[in-house]
Amino acid sequence: MSFQRACSLNDVAAGEGLSVDIISGDRVVDIAIIRDEDGRWHAIDDKCTHGDVSLAEGEVEGNVVECWAHGATFDLDTGKQSLPAVSPVQVYPVEIRESEVFVDVDAHL
């Protein structure tokens with residue numbers, strides 16, 4: 001696994017998200033770093049699969065994030081979706097190291 005720094009712990013409050021780009025080889029991966037209401041950290045693909053909308057800007061409730069434009073929800077642990085989204089999003093491993101959040105975009109959960 002190849003974990004890369006995504007942000008600082010202070011960059012994301014509980015119940016919110018942050019959009020980050022992580023470079024892996026010759027590709028750039030758009031990631032939503034989301035801290036759920038319980039303070040757990042998640043990393044998922046940042047785009048709703050129903051439209052080109054950032055999930056980092058969505059509403060976090062419990063263990064899901066809701067697309068603000070379409071109302072589709074995505075489980076933060078599995079990536080599974082609800083309609084109108086047509087497919088799940090990728091979920092990536094997260095590690096907390098001191099005051100930093102690291103994500104491995106080469107591994108999928």
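These legends accompany close-up views of a predicted model of one protein chain.

Residues are numbered from 1 along each chain as its sequence is written, and side-chain values use heavy atoms, with hydrogens and water left out. In this predicted model, local features need pLDDT of at least 70 and side-chain atom pairs count only at pLDDT 80 or more, while totals for chains, interfaces and linings use all residues.

View 1. The C-alpha atoms occupy a box of roughly 35 × 30 × 20 Å along the principal axes. The radius of gyration is 13 Å, which agrees with the value near 13 Å for a compact globule of 109 residues. That radius is taken over C-alpha atoms, and the globule rule is 2.2 Å times the number of residues to the power 0.38. Of contacts with a separation of 6 or more, 39% join residues 24 or more positions apart. Contact means heavy atoms within 4.5 Å.

**View 2. The surface of the protein chain exposes about 5700 Å².** Carbon and sulfur atoms supply 46% of that area. Accessible areas come from the Shrake-Rupley method with a 1.4 Å probe; for residues, only the protein chains shown count as cover. Buried residues make up 40% of the 109. Buried means under 20% relative accessible area, exposed over 50%, and partly exposed in between (1.4 Å probe, protein chains only). There are 7 positive and 22 negative side chains, and the centres of the two sets lie 4 Å apart. Lys and Arg count as positive, Asp and Glu as negative; His and the chain ends are not counted. Each charge is placed at NZ of Lys, CZ of Arg, CG of Asp or CD of Glu.

**View 3. H42 sits in strand β4, residues 41-45.** H42 is buried, at 5% relative accessible area. Its side chain makes a polar contact of 2.9 Å with the side chain of D36. The side chain of H42 also reaches the backbone oxygen of L76, at 3.4 Å. A polar contact is a pair of N or O atoms within 3.5 Å; within protein, one must be able to donate a hydrogen and the other to accept it, and residues adjacent in sequence count only if both atoms are side-chain atoms. Beyond four places in sequence, H42 touches residues including I34, N63 and V94.

**View 4. A cis peptide bond joins L83 and P84.** Omega is about 15°. P84 lies in the loop between β7 (73-75) and β8 (91-92). P84 is partly exposed, at 28% relative accessibility. Leaving out residues up to four places away in sequence, P84 touches H50, H70, G71 and A72.

**View 5. E98 has a positive phi of about 55° although it is not a glycine.** E98 belongs to the loop between β9 (94-97) and β10 (100-103). With 80% relative accessible area, E98 is exposed.

**View 6. Q4 lies in strand β1, residues 4-8.** Q4 is partly exposed, at 24% relative accessibility. Q4 and V101 are 97 residues apart in sequence, yet 8.4 Å apart C-alpha to C-alpha. Outside four places in sequence, Q4 contacts I22, I23, S24, V101, F102 and V103.

Key:
Helix = DSSP H or I, 4+ residues; strand = E, 2+ residues; numbered from the N terminus.
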